Amino acid sequence: MIFIHSIPSRNHKLDIQTLRTFLLVVEERSFSAAAQRLHLTQPAVSKRIALLEQQLGCELFDRIGRTITPTEAGVALLPHAKTIIQQLYSAEQAVRDLSGAVAGDLRIATSHHIGLHRLPPVLSAFSKAFPGVALDIDFMDSEQAYDLIMQGRLELAVVTLAPAGESSMVSHPVWHDPLVFMAASEHPLAVHQACTLAELARHPAILPGLGTYTGQIVKRLFADHDLTLQVSMATNYLETIRMMAQVGLGWTVLPRNMLDKGLSPLAVEGIAIDRTLGSIHHRGRSLSRAAQSFMAILQAFGDGMAKPAAIGAPAPPC
């Protein structure tokens, strides 16, 4: 139980599970979606919120049809609830760390591409080295993972690193990821030994969304040469982009390890581009031993961009 003295109510005892439920309803904007995340029934979630509203003496959500939005009171409670849950997490982590055991829950985020092409051996080694850790992996765009780390809702993410660093974020490069211009073997650009950016600009392109970090790299390249991209289609799923390029819908830029049968690399005169894949966490958050251990194994499977730590031992505190 935690006592909140700054919020008047008839009963000052606010249950931690109730606060967690409140945060999930705010996040999901849905009682049913929050219930699924908590493995509860929707009536059970509604009952928790009703109890919290009764304790605080005010309504926390406006319920208009199927739309759930926080009231003014709900918005006021939100930062306090986040702080309480984060402090509880830190307390639990401190107690676990005293035991020296690498155990507990570890929630990380990663992109679909990294999860498919880079993480499998990392996950296998980590699960064997630290069977006491329950690993929860969320697949999402790198940009979304950055946002969740910034909000304190994720401890660690393995993503495409942002081209411009964030002052509140700690980044650890793990893999250098060269990007290659490519097109279907029968594409007009593929018949030449080399082409120019200007020639590429005259043909439709299929690219990652220009708001993504990879899309920003390509967009900035063409802008620096005063060229306009003809983006006929954009999606954040690189496997989908590869399929559409293979059937001749346009040229594209993808990681080199995605070049396969049906696609030809395009040598662009004087141009080489790449991106960096790695881990991120918030500068103001102390990492659990599980997160430190995961980072150590991650670096051990990297390509030497950062010094790896020994597998089986937690990394030094960051």
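Rings of Phe, Tyr and Trp (for Trp, the six-membered ring) are taken as a pair if their centres lie within 6.5 Å, and a pair counts as edge-to-face when the planes are over 60 degrees apart. By that rule, the count here comes to seven aromatic pairs. Keep in mind that you're looking at a predicted model.

Let's start with one of those pairs. F31 and F61 sit edge-to-face, at 6.0 Å centre to centre and with 70° between the planes. Helix α2 (residues 31-38) holds F31 and strand β3 (residues 61-64) holds F61, so this pair ties together parts of the chain that are 30 residues apart in sequence.

F22, F31 and F61 form one aromatic cluster. The helix that carries F31 is worth a look as well. In α2, the buried residues are F31, A33, A34 and A35. What do the buried residues of α2 pack against? Their partners are α1 (16-28), α3 (42-56), β3 and β4 (67-70).

The backbone on either side of α2 deserves a glance too. Most residues other than glycine have a negative phi, and most peptide bonds are trans. R29, in the loop between α1 and α2, has a phi near 55°, a positive value in a residue other than glycine. With 43% relative accessibility, R29 counts as partly exposed. Just after α2, H39 also takes a positive phi, of about 60°. Further along, D226 sits in the loop between α9 and β10 (231-234), and its phi is near 55°, again positive in a residue that isn't glycine. D226 has 73% relative accessibility, so it counts as exposed.

Now zoom out to the whole chain. It has eleven helices and 13 strands. Of its 318 residues, 44% count as buried. If you take contacts between residues at least 6 apart in sequence, 72% of them join residues at least 24 apart. As for the surface, the chain exposes about 15,800 Å², and carbon and sulfur atoms supply 55% of that.

A245 is found in helix α10, and its relative accessibility is 0%, so it counts as buried. Which residues does A245 touch, leaving aside its neighbours within four places in sequence? The contacts are A184, I206, G250, T252 and L263. For L263, 18 residues away along the chain, the C-alpha atom is separated from that of A245 by 7.5 Å.

The other alanine is A103, in the loop between α4 (72-99) and β5 (104-110). Its relative accessible area is 28%, which means A103 is partly exposed.

Finally, have a look at the second largest pocket, with its volume of about 290 Å³. Its lining is made up of 21 residues, and S111, H113, D141, N236 and L238 are the ones that lie nearest its centre. The elements that give two or more residues to this lining are α5 (112-117), α7 (142-150), α9 (213-224), α10 (238-246) and β13 (273-282). Which of the elements gives the most to the lining? That's α5, with five residues.

How values were computed:
Residues are numbered from 1 along each chain as its sequence is written. This is a predicted model: local features need pLDDT of at least 70, side-chain atom pairs count only at pLDDT 80 or more; totals for chains, interfaces and linings use all residues. Side-chain values use heavy atoms; hydrogens and water are left out. Rings of Phe, Tyr and Trp (its six-membered ring) pair if their centres lie within 6.5 Å; planes under 30 degrees apart count as stacked, over 60 as edge-to-face and the rest as tilted. Helices (H or I, at least four residues) and strands (E, at least two) are DSSP runs, numbered from the N terminus. On a 1 Å grid over the protein atoms alone, a cavity is a set of points where a 1.4 Å probe fits but cannot get out, and a pocket is an open set with protein on both sides within 12 Å along at least five of seven lines; lining residues have an atom within 4 Å of a point. Grid points are joined across faces, edges and corners, and a volume is the space filled by probe spheres set on the points. Buried means under 20% relative accessible area, exposed over 50%, partly exposed in between (1.4 Å probe, protein chains only). Contact means heavy atoms within 4.5 Å. Accessible areas come from the Shrake-Rupley method with a 1.4 Å probe; for residues, only the protein chains shown count as cover.
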